[in-house]
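The sequence and structure come first, then the notes by topic.

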Amino acid sequence: MSLILLQLFNGVSLSSILLLIALGLAITFGLMNVINMAHGEFIMIGAYMAYTIQQLFQKMLPASSFGLYFPLALVVAFGVAFVMGWLLEALLIRFLYGRPLDSLLATWGVSLVLQQLARSIFGAPNVAVTAPSWLEGAITIGDDLTLPYKRLFIIALVIACLAVIYWYLYHTRGGRNMQAVMQNRNMASCLGISTRRVDAQAFAFGSGMAGIAGCALTLIGPIGPTIGTYYIVDAFMVVVLGGIGKLIGTVAGALGIGVLNTAFEYSTSATLGKVIVFTLIIAFLQWKPSGLVTMKSRALD
């Protein structure tokens, strides 16, 4: 029973990481149908913001306040990635709507530029971020079951992000405008909704969520200029499997991939487990191309 619970916790933990990475992409890809290959670099921005805030606390503030750096890093990571996403949308993405292949190539070029910029500022080698003391340790249940505080914190962070996104989409005017644009862009524009502003806000918000994901990833291991490339394929996999434009589908896709990946890795190996999961996803999409949850639209086409 302890082994089963441990594998289940590992699956949920991996699912929470995948979901946190894919939330921002689900917003941008689902709303604007833009293939943003620079999404991984916004994750990188969030990770380096955590590293920068940590360095500032270590050099400028007393050691007793070091434990406060991580909550501040989450806010800074979201803010910096939000602004960077807004600028990218205003300077480039706005001219590429309806041209998915062009957006793919353009954002891929942006990702290379951002990676090189990170190498110039922080250096090419990976750097480590020290977790605050209140995230060290674990909860021990029995002799074989240990739940690390870091993983539990990431799961709690994902739940909080989902709650905020749900509140924004269904209980604010901006969220309702976003849903209207997703369902029928032309009709929303006729009713007075500024689709241009909604696009900019959605892309910036999705980029900010990627920044939070990057900040959380610093709790797992070292970070570097290419950290985003390790997760971009998994993020697209979660979004496409769950169903483009549906939050509940993204949650289901991340949970399914995380649990299955952990189960297959335990019974086979890490590489073979990923291959089996990827094959199952391809087979499922052949049967149901729209994903787990289909988005309902009021568009006549």
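**Salt bridges**

The side chains of Arg-99 and Asp-102 meet in a salt bridge, with N and O 2.7 Å apart; the term requires a side-chain nitrogen of Lys or Arg within 4 Å of a carboxyl oxygen of Asp or Glu. This is a predicted model, in which local features need pLDDT of at least 70 and side-chain atom pairs count only at pLDDT 80 or more, while totals for chains, interfaces and linings use all residues. Residues are numbered from 1 along each chain as its sequence is written, and side-chain values use heavy atoms, with hydrogens and water left out.

- The structure holds two salt bridges.
- Arg-99 is partly exposed at 40% relative accessibility, and Asp-102 is partly exposed at 33% (buried means under 20% relative accessible area, exposed over 50%, partly exposed in between, with a 1.4 Å probe and protein chains only).
- Arg-196 forms a salt bridge with Glu-89, with 2.8 Å between the closest N and O atoms.
- That pair links distant parts of the chain, 107 residues apart: Arg-196 is in helix H8 (residues 195-217) and Glu-89 in helix H3 (residues 69-91). Helices (H or I, at least four residues) are DSSP runs, numbered from the N terminus.
- Arg-196 counts as partly exposed at 31% relative accessibility, whereas Glu-89 is buried at 0%.

**Helix H2 against helix H3**

- The axes of H2 (residues 39-60) and H3 come within 8 Å and cross at roughly 140°. Axes are lines fitted to C-alpha atoms, for helices over the stretch in contact, and angles run from 0 to 180 degrees between N-to-C directions.
- H2 is therefore oblique to H3 (angles under 35 degrees count as roughly parallel, over 145 as roughly antiparallel, 65 to 115 as roughly perpendicular and the rest as oblique).
- Residues making the contact include Phe-42, Ile-45, Gly-46 and Met-49 of H2 and Leu-72, Ala-73, Val-76 and Leu-88 of H3; contact means heavy atoms within 4.5 Å.
- By class, the contact of H2 with H3 has 15 nonpolar, three polar and no charged residues. Ala, Val, Leu, Ile, Met, Phe, Trp, Tyr, Cys and Pro count as nonpolar, Asp, Glu, Lys and Arg as charged, and the others, Gly among them, as polar.

- The axes of H5 (residues 149-171) and H6 (residues 173-183) come within 5 Å and cross at roughly 75°, so H5 is roughly perpendicular to H6.
- On the H5 side are Tyr-168, Leu-169, Tyr-170 and His-171, which meet Gly-174, Gly-175, Arg-176, Met-178 and Gln-179 in H6.
- The contact of H5 with H6 has four nonpolar, four polar and one charged residues.
- Ile-165 also lies in H5 and is buried, at 3% relative accessibility.
- Apart from neighbours within four places in sequence, Ile-165 is in contact with Leu-23, Ile-27, Phe-205, Met-209 and Leu-247.

- H9 (residues 232-242) is mostly covered, with nine of its eleven residues buried; among them are Asp-234, Phe-236, Val-238 and Gly-242.
- Gly-243 follows H9 and has a positive phi, near 115°.
- Thr-250 lies in H10 (residues 247-267) and counts as buried, at 0% relative accessibility.
- Leaving aside neighbours within four places in sequence, Thr-250 is in contact with Leu-19, Ala-22, Ala-26, Val-238 and Gly-242.

Note on methods. Helices (H or I, at least four residues) and strands (E, at least two) are DSSP runs, numbered from the N terminus.
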